[in-house]
Amino acid sequence: MDAETVNVVVVAGLGVSGAAAARALAARGERVTVLEAADGERQRATAAELAELGVEVRFGEPALPAGTSLLVTSPGWRPTHPLLVAAADAGVEVIGEVELAWRLRQEPAAPWLALTGTNGKTTAVRMLTSMLSAAGHKAVAVGNVGVPTVEAVDGPYDVLAVELSSFQLHWSSTLAPLAAAVLNVAPDHIDWHGSMEEYAAAKARVYAGAGTVVYNADDAWSSRLAEPYASRVGFTLAVPRPGQLGVVEDLLVDRAFVADPATSAEELACLADVRPFAPHNVANALAAAALARAYGVPPEAVRRGLREFTPDPHRIAHVARVGEVDYVDDSKATNPHAAAASLAAYESVVWIAGGQLKGADVDDLVRQAAPRLRGAVLLGADRDVIRRALARHAANVPVVDVPGQDTGVMDRVVTEAARLATPGDTVLLAPAGASLDMFAGYGARGEAFARAVRRLAAR
């Protein structure tokens, strides 16, 4: 980026990605102004740090400064935000921090292995990073997880594992990763994007400049988005066809990155190497393996990477066994698609669900899960929506409604779940909704569940 041709680069938002973008631009000699509506202790501290780099921070209702020739927006800002509308009306290009990172790369630049999806992104990108590291490469997870992308592009890395949200992709236009994957696409963030089609179109941007397109052959949207591309590789939980990775008995196998996909296959790992084991985690592992193989990672490093991978908290994490009943925390299942994947991993479930559904439809989720439900305990703002769906599609399943918006509700929830459960059941926290109606985040919700389970065990 040429400082002579850029008068003022405006960064919208003083969060993690905004501050990182401002630092990176200032380091390259750009004149940078940051606009931040919130005026708190954290924001003031960050502003003081940036001031030492010559970055101006303006607090209050953001307005487009005169001379702005580029605007780097926070990924969560909607295109309808007045500042972004003003920029568009003035002919100012609006990009995100990820797009900025791509443009600021200096050759020789580390290649990107990028992935997106409604669910499983963080697990898959960390699996991928573990595989790359097992092969001896200096790799780091960036983007929607870990290090801001703009901080890593000039770092000491051989390759970047890049997790991308639909928001980040919406504000990206020139990304050209070595390989890119769409794990799955299900309704989410429709309030932001405006429609399911626009949400899917944002996800599809990850494919536009990719050398290898990796798609989920078991997911209709992922498969559809990959159709225009010739250099595509599928992954499936079924026996793979030529050009796919998949499962044969208890093995993960590759029939894409081999000398003759029509007649040969390469063993990558065993199902037992995938932890925690669940069908959707096997899909995550296959997607990560496809991206790793596109970079040339050998089979033995794929297996070692899976064995060395440590899952992030609150993702189908086993908390305890109490009275021959397992208690599992999947608080990260914050939408119906994620909850469906979690429920499918267990045969006999007492389901803890509820929270903020954000307008999502849960009928399909409940209909599919009904045969394995032994009971349901509901909490949170939209629990009545789930209760009505259970009445329609699982009328014989006992349901306990636990009212209240205080965080202490979780003890009552766990007590009721324990009452419904019988030996061999799994009590599963897979809420299908966001947590901010009652908790500081899905992590706080999962921790409250784990504490309540431990108190149950101590009785």
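Which residue in β4 is the bridge partner of Val9? It is Leu70. Keep that pair in view while I set the ground rules.

This is a predicted model, where local features need pLDDT of at least 70, side-chain atom pairs count only at pLDDT 80 or more, and totals for chains, interfaces and linings use all residues. Residues are numbered from 1 along each chain as its sequence is written, and side-chain values use heavy atoms, with hydrogens and water left out.

Now the sheet. Strands here are DSSP E runs of at least two residues, helices are H or I runs of at least four, and both are numbered from the N terminus. Two strands pair if DSSP finds at least two bridges between them. Five strands form an open sheet, in the order β3-β2-β1-β4-β5, with parallel pairing. Its edge strands are β3 (56–59) and β5, each pairing on one side only. On average, neighbouring strands are turned by 25° against each other, direction ignored. Axes are lines fitted to C-alpha atoms, for helices over the stretch in contact, and angles run from 0 to 180 degrees between N-to-C directions.

Back to β4. Strand β1 (residues 8–12) runs parallel to it, joined by five bridges. Helix α3 packs on the sheet and touches β1, β2 (32–36), β4 and β5. Contact means heavy atoms within 4.5 Å. The direction of α3 makes about 145° with that of β4. Helix α4 (residues 97–104) also packs on the sheet, touching β4 and β5. Its direction makes about 95° with that of β5.

On to β5 (residues 93–96). It pairs with β4 (residues 68–73) in the parallel sense, over four bridges. Thr73 stands opposite Gly96 there.

Next, the inside. A nonpolar core is a set of buried Ala, Val, Leu, Ile, Met, Phe, Trp, Tyr and Cys residues joined through side-chain atoms within 4.5 Å. Buried means under 20% relative accessible area, with a 1.4 Å probe and protein chains only. The largest core has 50 residues, and Val34, Val72, Trp112 and Tyr207 touch the most other members. Helix α1 (residues 16–27) gives the most to this core: six residues. Apart from it lies another core of 42 residues, including Ala161 and Leu286.

Last stop, β12 (residues 244–248). Four of its five residues are buried. Strand β11 (residues 232–235) pairs with β12 in the parallel sense over two bridges. Strand β13 (residues 251–254) runs antiparallel to β12, with four bridges. Val247 has Leu252 as its bridge partner in β13. Two residues sit between the strands of this hairpin, and Glu249 takes a positive phi near 55°.
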